[in-house]
Amino acid sequence: MAIEEVCRIFQEHLRESIPHRLIAISKMEVVEQQWVEELYMPSIKAVTEKDIEQHTFYPNQRRDEVIRNIVKGIVKYAVLSHRWCREGEVTLQEMSSGGTKLGKPSSRHKLANFCQRAAEYGCGFAWADTCCIDRSNPPPEELDKAIPRMFRWYRNAHVCIVHLAESSTLDDFLGDSWFLQIWTLQELLAPVRVKFYGRTWSPIRNIRADNDKADQRLLAALSTGTGIPVQDIRCYWAGTERVREKLMWASRRTSRQVEDGAYSLLALLDVHMHVEYGIGEEAFGRLMEVLLARSQECDILAWAGIASTKYVFLPPSAQGYSAQYLDESYNPSHEHYRLRGDQDMIIIDRRLRVKLLMVELHGATFGDEIPFLQDGYHACTLLPKGLPSKVTINHVSIVSSNNTPWRPSKLALGVVDYGWTSDDEKGLVEKGRTHFCLLFGAGLIHKQVGKS
């Protein structure tokens, strides 16, 4: 007799943890979840108490956790991570015809090789973002459901197969444009098992190894090329901790649509928000609004470059956290900022409310203008004059439009990461410590890093 609990967890797994459409590899056709349920239900009903006992590996292991692992071992699917072909990709409508109307030779070849590799991993099903999502005119509710769940779909996959169309070996794979795409960030971090294949569908590294995340040499290369610590690549947990560090990872990547620069990070940061296209950089501002409220990490404000037009205290995208804008010598790790500054920062009507420790500047002057990394803007340094005797400025760059130079007559520093004291209305600037500050003048805010 079937165990009711196993059947219930199986149905929950289908509904919440795997894609709603999958490619049935045996017939190369996209099927709905009902088809998957009917196929596997006999195997699910055959699970016995003895099976559950044999899959319990340590004392006090939760029964539902054991059953979920059994279910995942039965319902095995692979996911594809790749760059889209220039000629276009095979669509859901083309796959729904049973493959009889497939055009686009490069895409068809890629899909066939992906499904072949998935079958070699013992998977009966596969998922590809090209043909398992209706892109003809996807309704808003489908996007709202799919985008936040993609991380979970990759995490629960038996294997993530990565196709690097421009690479062949470990020596050249970091130059592949796959590493420049924003969506592939979660496709690298979410899966438990990943296998990299080159342009000819041969493994990039070890032919016999089934998981490249267990390959120390490949992990070290990935870490070097992406700036992501090895431990995060091997076992990443979504959440709103170390937000600025994660945004620095994302700053190396680009997206075709501006809004994807924000939506691709939702699941990585375990954030839920409405998915809406056509709003441009406002999508990133909305994401940051949620992150500031949830993380309360003051170093989120430590960015550089051009400000958002809608949230002037934030960058318009993750590129504001790029190392090319931030001076590495004054760019401390997240641990440097822990348990400091205002823990009640909040954005209200696109305005930032934050407590700062103010330090007035007397007679500060600006240095020569220099071109900035973005066209139409320039930068200039703030010369270390008029500071209190115990404070010195290490580095400051004021970025402004070439048409609107910024030269206020009065300046003040607002220390963001001040030390806490027993008095909530007072803060502490610590000797020998690098502090992150906002620079105030004429009602405008710019950023700088100073050291007391």
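I began with R350, which counts as partly exposed because its relative accessibility is 34% (buried is under 20% relative accessible area, exposed over 50%, partly exposed in between, with a 1.4 Å probe and protein chains only). The model is predicted, so I kept to its limits: local features need pLDDT of at least 70, side-chain atom pairs count only at pLDDT 80 or more, and totals for chains, interfaces and linings use all residues. Residues are numbered from 1 along each chain as its sequence is written, and side-chain values use heavy atoms, with hydrogens and water left out.

I placed R350 in the loop between β7 (346–348) and β8 (351–353); helices (H or I, at least four residues) and strands (E, at least two) are DSSP runs, numbered from the N terminus. Its phi is positive, near 65°. Most residues other than glycine have a negative phi.

I then looked up M28, where phi is near 50°, again a positive value in a residue other than glycine. M28 sits in the loop between β1 (21–24) and β2 (29–32). I list M28 as partly exposed because its relative accessibility is 24%.

Next I checked helix α13 (residues 282–295). Its 14 residues should span 20 Å at 1.5 Å a residue, and the end C-alpha atoms are 20 Å apart, which agrees; the expected span is 1.5 Å times one less than the number of residues.

I noted E282, A283, F284, G285, L287, M288, L291, L292 and S295 as buried in α13. What covers these buried residues includes α11 (243–250), α12 (260–263), β7 and β8, where contact means heavy atoms within 4.5 Å.

After α13 I found Q296, with a positive phi near 55°.
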